[in-house]
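The sequence and the model are shown first.

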Amino acid sequence: MPELIAPTTRLHSAWLDAHAEWGPGLHEDGFGLGPSDEVDSPDGFAAWVALLAEDSGPEAVATGRGCTYRWIVEGDRVHGGIALRHGLNDRVLRSGHIGYGIRPSSRGRGLATWALGRTLDEARVLGLDQVLIVCEVDNLASVKTIERHSGVLEGVQDTEHGPLRRYWIKL
């Protein structure tokens, strides 16, 4: 049975397996991985996990600038990640309140739909009345996932990352 857990150093090697499966680049949406994050060494990984925990901490949450990161896991296998950005700021307006990614070998099992449903519950607890989710125009799996949760297409916006669909979900 899958579960959403806070990032942990315990799953370093499992996370690296998922990361390697995506291939080169920083495109694992939902993990909060930045270009300067060094995750291969145990110390680098621990520092990155600590930063994610800080973003999810009470001070960040209280200011509305926080981001709650969760990993989608089953046993010791990391299937993907999902991030819930708090508040409504430039980053949220650009990237959405929620971003997620499922490793290629775990796709097609409904994990993204399941994780999004749980994360929408968390957004309600934070007091959000609607959330923005964006996805690439040709990512039909994400389109289906968002629409299964009653996402309403606002439109398509050209961005530095190419055209993105913008959906709103009322909570």
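How many residues does helix α5 have, and how far does it reach from its first C-alpha to its last? The model is a predicted one, and in it α5 (residues 111–125) has 15 residues and reaches 21 Å, close to the 21 Å expected at 1.5 Å a residue. The buried residues of this helix are L111, A112, W114, A115, L116, G117, T119, L120 and A123. An α-helix has 3.6 residues a turn, so residues three or four places apart point the same way. After α5 comes G127, with a positive phi near 90°.

**The sheet of β5, β6 and β7**

Three strands make up an open sheet, ordered β5-β7-β6, with antiparallel pairing. The edges are held by β5 (130–136) and β6 (152–159); each has a single partner strand, so one side of each is left without a neighbour in the sheet. Neighbouring strands here are turned by 25° against each other on average, direction ignored. Between β6 and β7 (residues 162–170), which run antiparallel, there are seven bridges. G155 has R166 of β7 as its bridge partner. Helix α6 (residues 140–148) packs on this sheet and touches β5 and β7, its direction making about 15° with that of β7.

The loop between α6 and β6 contains S150. This residue is not a glycine, yet its phi is positive, near 70°. S150 counts as exposed because its relative accessibility is 54%, and the cut-off for exposed is over 50%.

**The sheet of β1 to β4**

Another open sheet has four strands in the order β1-β2-β3-β4, again with antiparallel pairing. Its edge strands are β1 (3–5) and β4, each of which pairs on one side only. The twist from one strand to the next averages 25°. Three bridges join β1 to β2, and the bridge partner of I5 in β2 is W71. Helix α1 packs on this sheet, where it touches β2, β3 and β4; the direction of α1 makes about 85° with that of β3.

In soluble globular proteins, nonpolar side chains tend to be buried together. The largest nonpolar core of this model has 21 residues, of which I98, Y100, V131, I133 and I146 touch the most other members. At least two residues each come from β3 (77–85), β4 (98–102), α5, β5, α6 and β7. The most is given by α5, with seven residues.

Which residues does I98 touch, not counting those up to four places away in sequence? They are I82, A83, L84, R85, L116, T119, L120, V131, L132 and I133.

I133 is in strand β5. Its relative accessibility is 0%, so I133 counts as buried. Leaving aside neighbours within four places in sequence, I133 is in contact with I98, Y100, L116, I146, R165, R166, Y167 and I169.

**Aromatic pairs**

The structure holds eight aromatic pairs. A pair of aromatic rings is described by the distance of the centres and the angle of the planes. Two of the pairs share W48, as the table shows.

| Pair | Centre to centre | Angle between planes | Class |
|---|---|---|---|
| W15 and W48 | 4.9 Å | 55° | tilted |
| W48 and W71 | 6.3 Å | 25° | stacked |

The pair of W15 and W48 links distant parts of the chain, 33 residues apart: W15 belongs to helix α1 (residues 12–22) and W48 to helix α2 (residues 42–56). W48 lies in α2 and W71 in strand β2 (residues 67–74), so their pair ties together parts that are 23 residues apart in sequence.

Ring pairs link W15, W22, F31, F45, W48 and W71 into a cluster.

Technical notes. Residues are numbered from 1 along each chain as its sequence is written. This is a predicted model: local features need pLDDT of at least 70, side-chain atom pairs count only at pLDDT 80 or more; totals for chains, interfaces and linings use all residues. Side-chain values use heavy atoms; hydrogens and water are left out. Two strands pair if DSSP finds at least two bridges between them. Axes are lines fitted to C-alpha atoms, for helices over the stretch in contact, and angles run from 0 to 180 degrees between N-to-C directions. Contact means heavy atoms within 4.5 Å. The expected span of a helix is 1.5 Å times one less than its number of residues. Buried means under 20% relative accessible area, exposed over 50%, partly exposed in between (1.4 Å probe, protein chains only). A nonpolar core is a set of buried Ala, Val, Leu, Ile, Met, Phe, Trp, Tyr and Cys residues joined through side-chain atoms within 4.5 Å. Rings of Phe, Tyr and Trp (its six-membered ring) pair if their centres lie within 6.5 Å; planes under 30 degrees apart count as stacked, over 60 as edge-to-face and the rest as tilted.
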